[in-house]
Amino acid sequence: MTQLTRRIVMQTMAAGLIASPLRAMAPFRLGLTPVFLDNDAEVIGRLREAFSEVLGVEVVLEQRRTYEEVTALLLEGSIDAAWLCGYPYLQHKAALSLMAVPVWNGQPLYQSYLIVGADSTANGLADLRGETHAYSDPDSNSGYLVTVSDLVSMGERPESFFGRTIFTYGHRNVVRAVADGLVQSGSVDGYVWEALAKTEPALTARTKVLTRSEWLGFPPFCGRSDQMNTPRMQAMQQAILTLDQTEKGRSALALLQLDGMTKAAPALYDGIAARMRIMDTLRP
Amino acid sequence: MSLLHRIPFALRVPLFTAALMILVGFLASQQVLTTLRQVQDDRIRELAELQIEALSVALGPLVSRNDIWEVYDTLDRATGQNEGQRLVFAALANADGVVLAATNPRRAPVDSKIAKLTSGAQALNALSLTGETAEIKVLAPLVYQGREVGQILIEMNVSDLVAERTSVARLLLIGNAVVTLLLAILGYLAMRRILMPVTRVVARMRDSVDAPEPIAASDMPAGDSEMAQLAKSYNSMVGAIGAKAEADRRLAERERFVSLGRLSSSLAHEINNPLGGLLNAVDTVQKYVDRPEVVRESAELLKRGLGHMRDVARATLDLNRLNHEGAVLAADDFQDLKLLIEPEISRQQQRLGWEVGEITCVLPAAPVRQIALNLLLNATEAAGKEGLVSLKAQQGDGRLRIAISDSGPGLAKAACARLLGTGAAASGGGVGLRLVRDLVSQLKGCVSLDRADGETVIRVELPC
């Protein structure tokens, strides 16, 4: 089946011709974390409306504070799918499958930024020794893995390199913590920082990007592998992938400053996997 | 005190009222400000309690987890960015006094000591707005599940309360000043009105040249108040002064008549005594008409007797010309007096000492003669039979000094009072003494009385 044919089929499904069985189904549960979305009520509302319209069933967005919590919900089957980070996806690669990957600036890739206060004189990660540092989530690639794997690569021990580390459980919070001077540096999702630079320039102006990581796979929508072939999951996957086909979907994407959604192969996350392997060297 | 006494009474009372008002206003303002401060203190304490309580509820579990971000986020949201936000700064420390997070992390970095910030912080139960500081600092323990797990330091913006207090204080000051001024003006007007009768009496007394004028019936205060009584008393006093002046005038007149009477009696003697001799001379002339040497002798005698009588009549006439302006005192005036007094002296078989120096000073003759004659008449009366009476008149140092002495028993108390006192003339003792005193004072002179070696000396000094 070509890409075009599948899209037509899915659009037909979305139009409700063969969606009637779904209507009788239980609400679709999609897991989210504020790590990425920062509890933006408007974005969440738009997403829910967009998905519900396409699927024809109620979509419930389940929000949890950490990736760990959302991942756990997904693995135990309490939610049908989740917008996760590449890192937890890879951590549970055996049980999870990629449903869709957001496209940002034309590609499904993003970077991790190491940010410091606007008045900082540091030139690189090595200059931050002994200072305070904010991570977003211990299961976040851009907000944790990239920095700690860099430290390991530098031969440092991540737990003692910084004077104190905190977890803010939100990329925007990392930016706030650095901007307000609560910490001297932070590990943040480059996409979030750039998005904030457009919506809240006064906030990001108080920070500056010290280093940028290589391009890595964008946080994907994941589902349990054992459920992926069910019509319910197929429909959901299609709904996500065709988000840019509906008005509400485009509106949600615009708020998220994303171009659309695409299918991606696991190889997209090889860069993250490489960093995970660096971390493995720490293990006894 | 002297300055105070120089201020008119009508101004002093309103000033005193104003001073009292200022005092009352000050005390009342203090009371209001104290109450306001208490109310504000209660209010800010309540607000601080609520803030601390709310923060404790939110932060308690976070402190026990050492969740720095959540502590910061909670504090940050609690302070917010709204204008007029009461809570402007908050910091939270753990039980060891180490800062977990503060709304301004640059001011209170993570892991710094909270003690660096607690200077000037007040305890919650003793919280009070002090001075003009726009912010107050409160340090309170963070209690979670009944256990003290840390400390909360908050800074609250109280500029609105301070401004309110300043504004109230200013309003009170202006209000009190206006009310005090109004009351002072009203007090001044009221006091002026109340004191009008007194002012009138004072003016009347000040403006009266000879005799004080009574208050007209139209200006008399109504009713029976103290002021009305004062005005009535003043009018009665004015009446009494007038009556007294009239009585004095009559007394002086009477004294003149009394001395005139005495003098007339002496004159009658003076005329009567030679009259027998003169009649005898006429009989002799008739009897010895043919003996020319006897007739010539009798005519000589008649001429001498009639000449003496002419002199006496002239002296008496001069004495009664009291208002005879222009006649200046001379030694002859004393000769006249001697002539007038001698009959009385000889009647009483008294000795007369007479010593009159050169008199060149310019003094009216009539009052001086009246003074000396009255004193001489009194002296002859006091000296009694075969007594001693003397007169000395000397001029020197621009003064005429007349001393009249007698060997009598001295002046009675009443007579002294009439001669020397200024009070009401008591009756009895001494003729014309009050007249002497009045005449001497008119001539701006003075009278003194001495008693030594059985002699009474009355000295009169007259400037000339």
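## Helix α9 of chain A

Helix α9 (residues 171-179) of chain A is mostly covered, since nine of its nine residues are buried. The model is a predicted one. The buried residues of α9(A) are A:H171, A:R172, A:N173, A:V174, A:V175, A:R176, A:A177, A:V178 and A:A179.

Both sides of this helix have a residue with positive phi. In the loop between β8 (164-167) and α9 of chain A lies A:Y169, whose phi is near 55 degrees, a positive value in a residue other than glycine. A:Y169 has 26 other C-beta atoms within 10 Å and is therefore buried, the cut-off being 20 or more. Just after α9(A), A:G181 has a positive phi of about 85 degrees.

## Chain A as a whole

Chain A has 284 residues, of which 46% count as buried. Its secondary structure consists of 14 helices and 13 strands. Of the contacts in chain A with a separation of 6 or more, 81% are between residues 24 or more positions apart.

A:L145 gives a local view of such packing. A:L145 belongs to helix α7 (residues 141-153) of chain A and counts as buried, with 27 C-beta neighbours inside 10 Å. Not counting residues up to four places away in sequence, A:L145 touches A:Y87, A:S140, A:I272, A:R275 and A:M276. A:M279 is 134 residues from A:L145 in sequence, while the C-alpha atoms of the two are 8.3 Å apart in space.

## Chain B as a whole

In chain B, 28% of the 464 residues count as buried. The chain has 11 helices and 10 strands. Among its contacts between residues at least 6 apart in sequence, 65% join residues at least 24 apart.

## Two loops in chain B

B:A95 sits in the loop between β1 (87-94) and β2 (99-102) of chain B. With 13 other C-beta atoms within 10 Å, B:A95 is partly exposed. Beyond its neighbours within four places in sequence, B:A95 is in contact with B:E148, B:V149 and B:G150. B:A95 and B:L142 are separated by 47 residues in sequence and by 8.7 Å in space, C-alpha to C-alpha.

The loop between β4 (135-144) and β5 (147-157) of chain B holds B:Q145. The phi of B:Q145 is near 50 degrees, again a positive value in a residue other than glycine.

## Nonpolar cores

The largest nonpolar core has 112 residues. Those with the most contacts inside this core are A:C222, B:V71, B:A91, B:L92 and B:A101. Helix α2 (residues 9-65) of chain B gives the most to this core, with seven residues. Another core lies apart from it and has 37 residues, among them B:V312, B:F334, B:L337 and B:V389.

What does B:A91 touch, not counting residues up to four places away in sequence? The partners are B:V99, B:A102, B:A108, B:I114, B:L117 and B:L153.

## Contact between the chains

The contact takes 10 residues from chain A and nine residues from chain B. Helix α3 (residues 68-79) of chain B supplies four residues, the largest share of the side of chain B that touches chain A. By class, that side of chain B has six nonpolar, three charged and no polar residues.

## Helices α10 and α11 of chain B

Two packed helices are described by the angle between their axes and the distance between the axes. For helix α10 (residues 413-420) and helix α11 (residues 433-442) of chain B, the axes come within 7 Å and cross at roughly 25 degrees. Angles under 35 degrees count as roughly parallel, so this description applies to α10(B) and α11(B). Their crossing is right-handed.

In α10(B), the residues that meet α11(B) are B:A415, B:R418 and B:L419. Their partners in α11(B) are B:L433, B:R434, B:V436 and B:R437. The residues of this contact divide into four nonpolar, three charged and no polar.

Methods
Residues are numbered from 1 along each chain as its sequence is written. Chains are lettered from A and ligands numbered from 1 in the order in which they are written. This is a predicted model: local features need pLDDT of at least 70, side-chain atom pairs count only at pLDDT 80 or more; totals for chains, interfaces and linings use all residues. Two residues are in contact if their C-beta atoms, placed from the backbone, lie within 7 Å. Ala, Val, Leu, Ile, Met, Phe, Trp, Tyr, Cys and Pro count as nonpolar, Asp, Glu, Lys and Arg as charged, and the others, Gly among them, as polar. A nonpolar core is a set of buried Ala, Val, Leu, Ile, Met, Phe, Trp, Tyr and Cys residues joined through C-beta atoms within 7 Å. A residue is buried if 20 or more other C-beta atoms lie within 10 Å of its own, exposed if 12 or fewer, and partly exposed in between; C-beta atoms are placed from the backbone. Axes are lines fitted to C-alpha atoms, for helices over the stretch in contact, and angles run from 0 to 180 degrees between N-to-C directions. Angles under 35 degrees count as roughly parallel, over 145 as roughly antiparallel, 65 to 115 as roughly perpendicular and the rest as oblique. A crossing is left-handed if the near helix is turned anticlockwise from the far one by less than a right angle, and right-handed if clockwise.
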